[in-house]
Amino acid sequence: MTARSSAHSEALALAQHDPLTGLPNRRRLLDAFPDLTREVKSDNFRAVMMLDLDGFKPINDVYGHEFGDNLLRSFANRLAEIVGNDGIVARLGGDEFAVISPIFDEKSDAAGFARRLLTRISDRFEFGERQISIGSGIGIALYPHDGYAITELLRRADIALYRAKSSGRSTYRFFEVDMDASILHRTLLEQRLRRAIEDRQVNAHYQPILDMDTGRIAGFEALARWTDNDFGMVPPTQFIPIAEDCGIISELTRHLLNDACRVARDWPEELYLSFNLSPVQLQDPALPHQISSILEQSGFEPKRLVLEITETSLVKNPESAKRILNELTELGIAIALDDFGAGHSSMSYLRDFPIKKVKIDKSFTERMLVDKQCGAIVEAILVLSKGLDIDAVAEGVEESEIHEALSSNGCHYGQGFLYAEAVDAEDATDLLKLQDKGRLPFTDKTDAA
């Protein structure tokens, strides 16, 4: 009977805990919630939080399931370390975790608790010789303010998590009533985007990059554009993060880059094509091979391709990013650092990574004539790029006065609405024809400056 009782207790414990992390599972969380809320007085509350790992699926695919399992265990340990014995951490499945916080008196206490969780999560994970940095969002619902039932609180915290992830990396959001409509909109948008990618309805448009010295087009940046029958024109700032979260960004990139290379193949040989990579893709060792295959199939020369990356993609996993970028440069592809100055802006990136171009973030370019700090930053980037023999491209050039100021400070390349917005492949070809005839539509604007 003792053995039977022990076996029964062990089976019950196994049924209520996640075998990988040892944390309580969903069943245990649901059972424990009434006891946790019984302790909450009328002027107190507990926070129900939902978390997941940013970009876990590609990490799991690239490094293997054993690495992914180790990462989940370490992530779980960090959560349990912060929550302690006054709350509970549960793994709900996959990379999805829930936290019931200790009892708080003020909403600001819950915010501070969320910040502590995010800070601990952001510390680099080390597994042997491999190091990796990840992020996480946190969605928060409050008991009893946002509901009494744990299932409803988890649902509302999950909605807040979606809002947190769409607001940027490693942030938190409290549930608000209007989020229900917002998450429905996002879910519908995700469904439409999947179908649009399958039907190749997301297309590349091309924005010219001007050589300020000659007044001629030096190249084009390919930008994703999508118009839905019901939602209308959906901004890339909306659908690109959704594609990254859903794991379909690689499929979208292959489709767009393949089409863009076939279009750019027919441009004059001195023109280059600039194309953005998602931070998620710089964790995939197969990326250089995939891009090489696209170039080979399209007949586009690697030396005419510039791949734009962000500083965030370098911070996330610098060792992996460096290997991948070195392989790409060995193919003859140039690497550009996009939005330079707006992120971490570490000078070591320009030293340690094979960067051939920097793109000055438009937030500085647009205000360089009215904000001394912005003007000084633009000048400093131009001096730095000249000293390192790196091309600088100023984004967001919308006024002729800014064009003139950039040119007089030694900036050789510009991009922005002063010259042209992003246009489809046919209109890009028309721009090149006008250039051959000496009749570029924006030449008069820049000459006047």
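The largest cavity is lined by Ser250, Thr253, Arg254, Leu257, Gln281, Leu287, Gln290, Ile291 and Ile294. A cavity here is a set of points, on a 1 Å grid over the protein atoms alone, where a 1.4 Å probe fits but cannot get out; lining residues have an atom within 4 Å of a point. The model is predicted: local features need pLDDT of at least 70, side-chain atom pairs count only at pLDDT 80 or more, and totals for chains, interfaces and linings use all residues. Residues are numbered from 1 along each chain as its sequence is written, and side-chain values use heavy atoms, with hydrogens and water left out.

Rolling a probe the size of a water molecule over the atoms shows where empty space is left. The count comes to two cavities of 30 Å³ or more. The largest cavity holds about 50 Å³ of space. A volume is the space filled by probe spheres set on the grid points, which are joined across faces, edges and corners. Helix H9 (249–264) and helix H10 (287–298) each supply at least two residues of the lining of the largest cavity. Helices (H or I, at least four residues) and strands (E, at least two) are DSSP runs, numbered from the N terminus. By class, this lining has four nonpolar, four polar and one charged residues. Ala, Val, Leu, Ile, Met, Phe, Trp, Tyr, Cys and Pro count as nonpolar, Asp, Glu, Lys and Arg as charged, and the others, Gly among them, as polar.

The second largest cavity has a volume of about 30 Å³. Its lining consists of Ile209, Tyr272, Ser274, Val306, Glu308, Ala336, Lys357, Lys359 and Val393. Strands E11 (272–276), E12 (305–309) and E14 (357–360) each give at least two residues to that lining. Five of the lining residues are nonpolar, one is polar and three are charged.

Strand E12 is mostly covered, with five of its five residues buried. Buried means under 20% relative accessible area, exposed over 50%, and partly exposed in between (1.4 Å probe, protein chains only). In a regular strand the side chains alternate between the two faces of the sheet. Both faces of E12 are covered: Leu305, Leu307 and Ile309 are buried on one side, and Val306 and Glu308 on the other. E11 and E12 run parallel and are joined by four bridges; two strands pair if DSSP finds at least two bridges between them. Leu307 in E12 is the bridge partner of Phe275. The chain crosses from E11 through H10 to E12 in a right-handed β-α-β crossover. Right-handed means that, with the strands pointing away from the viewer, the path from the first strand over the helix to the second runs clockwise. Four bridges also join E12 to strand E13 (residues 334–340), again in parallel. There, Glu308 has Ala336 of E13 as its bridge partner.

The second largest pocket has a volume of about 230 Å³. A pocket is an open set of points with protein on both sides within 12 Å along at least five of seven lines. Of its 13 lining residues, the closest to the centre are Leu382, Ser385, Lys386, Gly410 and His412. Helix H15 (372–387) and strand E15 (391–394) are the elements that give two or more residues. H15 gives the most, with five.
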